[in-house]
Amino acid sequence: MSVIPVFRPSMGDAEVEAVAETLRSGWIGLGPKTREFEEKFAKYIGVKYAVALNSCTAALHLAVNVLGIDSVEVITSPITFVSTAHAVLYNNATPVFADVQEDTLNISPADIKKKITKKTKAIIPVHYGGHPCDMDEIMKLASRHDLFVIEDAAHACGAEYKGVKAGAIGKLGCFSFHAVKNLATGDGGMITTNDEDLYKKLLKLRCVGINKDTYHRS
C-alpha cells in the first residue's frame with residue numbers, strides 16, 4: 001500500500017544551499033533574507049506590504065490586535081485549525097461560528113449575515129484547502145455593516161479569486177509556511193496589507209514594541 005507522507009516537503013539542493021547561505025551570513029533571524037522574502041511575497045500577492053512572522057498563529061493574533069478588536073464578536077469558520085479562533089480569544093474578543101458551504105467547506109455568506117449583531121466587528125473567512133471563499137458577498141456584508149475582513153489564507157498561498165490573489169482582498173491577509181503547506185519554509189507566517197499605518201504598527205508589534213530591528217540598526 002502506498003503511503004503519502006504529511007510532513008515531507010519537496011526540497012532539493014537549491015533550498016539546502018539557501019539555508020547554508022543564510023547560516024553563513026550570521027543573520028538567522030530578522031535580516032536581509034527575511035526582508036527580501038517580504039518584498040517578493042508582497043509583490044507576488046499584489047499588495048504594498050508584507051510582514052514576516054514565526055507562524056500564521058502569530059499573524060492572526062497580530063492581525064486582530066492591530067485592528068483594535070477588543071470585547072466584541074468576530075465571525076469565522078468552524079472548519080479550520082484552532083488558531084483562527086484562538087487569535088480572537090487572545091485579543092479578548094468572542095469567536096462566533098458561521099456554517100460552511102457543503103461543496104467547498106468555506107464559510108457561508110448567508111450564514112454570516114444571520115450571525116451579524118451590534119457586537120460584530122470583523123469577519124475572518126478561511127480559504128479552506130486552497131479554495132477561496134465567496135469574497136464578493138463577504139466584502140459586501142463587511143462594507144454594509146462596517147466590518148473588518150481578515151483573510152485566513154493559511155491554506156491558500158497562490159490561490160486566486162477572480163484574478164486577485166487570496167490575502168489581497170480583505171484589510172489583512174494571513175499566511176502559513178508550515179511544513180504541510182504548499183509553500184513551506186520549515187515554519188513561519190506572513191501578514192499582507194495595503195494599509196501603511198497598519199504595516200508600521202505590525203512591524204512594532206512583531207518586535208515587542210521595538211521600532212527598529214537589529215538588522216536595520218546595524
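Reader: Where does N92 lie?

Author: N92 lies in the loop between α4 (83-90) and β3 (94-97). Helices (H or I, at least four residues) and strands (E, at least two) are DSSP runs, numbered from the N terminus. The model is predicted: local features need pLDDT of at least 70, side-chain atom pairs count only at pLDDT 80 or more, and totals for chains, interfaces and linings use all residues. Residues are numbered from 1 along each chain as its sequence is written, and side-chain values use heavy atoms, with hydrogens and water left out.

Reader: What is the phi of N92?

Author: About 65°, a positive value, although N92 is not a glycine. S71 is another non-glycine residue with positive phi, near 55°. S71 sits in the loop between α3 (56-66) and β2 (73-76).

Reader: Why does N92 count as partly exposed?

Author: Buried means under 20% relative accessible area, exposed over 50%, partly exposed in between (1.4 Å probe, protein chains only). N92 has 48% relative accessibility, so it counts as partly exposed.

Reader: Is R206 buried or exposed?

Author: Buried, because its relative accessibility is 18%. R206 belongs to helix α7 (residues 196-206).

Reader: Which side chain does the side chain of R206 contact?

Author: A polar contact is a pair of N or O atoms within 3.5 Å; within protein, one must be able to donate a hydrogen and the other to accept it, and residues adjacent in sequence count only if both atoms are side-chain atoms. Here the partner is the side chain of E38, at 2.6 Å.

Reader: Why does L23 count as exposed?

Author: Its relative accessibility is 55%, so L23 counts as exposed. L23 is in helix α1 (residues 13-25).
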